[in-house]
Amino acid sequence: MTIAITHTRREGTLIEGTSRNDGSKEVLRTRHYASGYTTLAKWSRNLECWYLPYSRDKRTSRPMLEALAERLRAEGFEVTVTIDETDRRTFAEAEQDRVERAADRAERFGQYADNAATRSEAAWKRSHDISERFHMGQPILVGHHSERRARRDHERMDSAMRTSIGERDKAGYWADREKTAAGYEQFRKHPARTLRRIDKLKADLRAVEKWQRGESAKGYSRNPDDPELTIRHEELTEEIAYWQDVIKEAEANGFKVWSRADFQRGDYAHVRGTWYAVLRVNPKSVTVPHIFNSTGRDVVHAEGNHYQGTTTLPYDEMTGRKSAAEMQQPPQAQAAEHQQQAQQSPPIEEPEPAAETRPVRHSTQWPAEVRRWAHGQQAPEEKVTSTAEANWQEGMALVLIASKNPRRSRKRALWAMTRREAQAVCGDPRTSGRSYMLTWTERPGTEGADWEWVPDNGSLDPVLSDLGITPRREWTTAPQAPTAAA
């Protein structure tokens, strides 16, 4: 019997001519590290032969295949080895084949998930039907003629329920794999990821060209006459052209490819929900204030940072650009823009409370100053009598967000409303979390210097709706309510 080991880049490494129980399986399924044969062959039902996984569209190792052939010959087989590196498919053909195979996997995994869900439902129904005998709480009657049947029913219910749970877990597993396979093409063609892939391929192409000229690249040299370099050059050229077409298609659909020509010092770059001041423009990135300065902030300016370090942001991560003049918009335009950004990406960090705020809840983990506010301590001039309480509650208040670990120099306000409404909102348990809580004040200070508006992401709209409160997003200083007459 002759075993033929053939390798082409189009089909990969195939091992044909074997039969069941002829002894070849033990050799093909055993790793032999000394000879470099470290990949286990697999049997393909479609091809009806053995193959080496991940060998398509790649160069093979002749010494490795020769070592495998020698081990088969040692077992009494006649083996031939044929290698043709020139027989290959284009990158577009290979990528299309991968996309089609991913679609087939998604369809197959979806069927697996549906079957598992059906089995889970059927097992649950079996358990439920058996349990109808005991729906009134009928116990097992020890010593009664029905005891054996009742115990068997309990065992059957337990077995069916365990089967239902197991099949439900299988359905979730295959549903996740279906989702992953269905998103293969979108993942591969993501514009930012594609740009990084193109940069890497161009670096590989430059290395191949250096080797062809007899120069050193990547720390070593290769024989300029090696035919593999010519094949590799063709492959890289095809792949780069393919991914460049993907980027052109993305640009036609509205994707912006940023470069150093789009930025200058003093501009602002938008990355992951934050605007960064551009300190320097580099060939592949921009230098901005260090990432530590951007935690929970919408805008990171060049000045006023507690950590005077810098970092770089690559152009493929950019999602917007503004000039310094555009960043200095009127407050109304900035508020509208912040509102739009908040709907897309809610704030991360909560602001620092001011000394005048009076939260209505407290925790022993909060700073001592905040705990004193939460106990309701007031300055003498803030106390009112019962006769003026009604008028006092109708005065204006500003609702703020207090953070457990405050770092900000300015308070951040959510809404303006009456003191009565502010007390109701801040007293609702749904308006506090592990690291923040709502507070209110009637003397916030000067807007822009002491406090600023924070975008409202709408997460507390149900609370406002339940309390029947319609807040405002503008603050006007109202006269203080009169104190009680002596």
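Predicted model: local features only at pLDDT ≥ 70, side-chain atom pairs only at ≥ 80, totals over all residues.
A residue counts as buried under 20% relative accessible area, exposed over 50% and partly exposed in between, using a 1.4 Å probe and protein chains only. Residues are numbered from 1 along each chain as its sequence is written, and side-chain values use heavy atoms, with hydrogens and water left out.

**Two loop residues**

N21 sits in the loop between β2 (12-16) and α1 (24-28); helices (H or I, at least four residues) and strands (E, at least two) are DSSP runs numbered from the N terminus. Phi of N21 is near 60°, a positive value in a residue other than glycine. E48 also has a phi near 60°, and its place is the loop between β3 (42-44) and β4 (49-51). With a relative accessible area of 61%, E48 is exposed.

**Aromatic rings**

Across the whole structure there are 12 aromatic pairs. Rings of Phe, Tyr and Trp (its six-membered ring) pair if their centres lie within 6.5 Å; planes under 30 degrees apart are stacked, over 60 edge-to-face and the rest tilted. The ring centres of F91 and W243 are 5.8 Å apart and the planes stand at 65°, so this pair is edge-to-face. Because F91 belongs to helix α3 (residues 91-131) and W243 to helix α7 (residues 227-252), the pair ties together parts that are 152 residues apart in sequence. Both F91 and W243 are buried. Elsewhere, F109, Y112, Y173 and W174 make up one aromatic cluster.

| Arginine | Ring | Distance from ring centre |
|---|---|---|
| R197 | W243 | 4.3 Å |
| R222 | W211 | 5.3 Å |

**Helices α3 and α4**

The axes of α3 and helix α4 (residues 147-182) come within 7 Å and cross at roughly 160°; axes are lines fitted to C-alpha atoms, for helices over the stretch in contact, and angles run from 0 to 180 degrees between N-to-C directions. That makes α3 roughly antiparallel to α4, a label for angles over 145, while under 35 degrees is roughly parallel, 65 to 115 roughly perpendicular and the rest oblique. Residues of the α3 contact with α4 divide into 18 nonpolar, 6 polar and 10 charged. Here Ala, Val, Leu, Ile, Met, Phe, Trp, Tyr, Cys and Pro count as nonpolar, Asp, Glu, Lys and Arg as charged, and the others, Gly among them, as polar.

Conventions. Lys NZ or Arg CZ within 6 Å of the ring centre and 35° of its normal.
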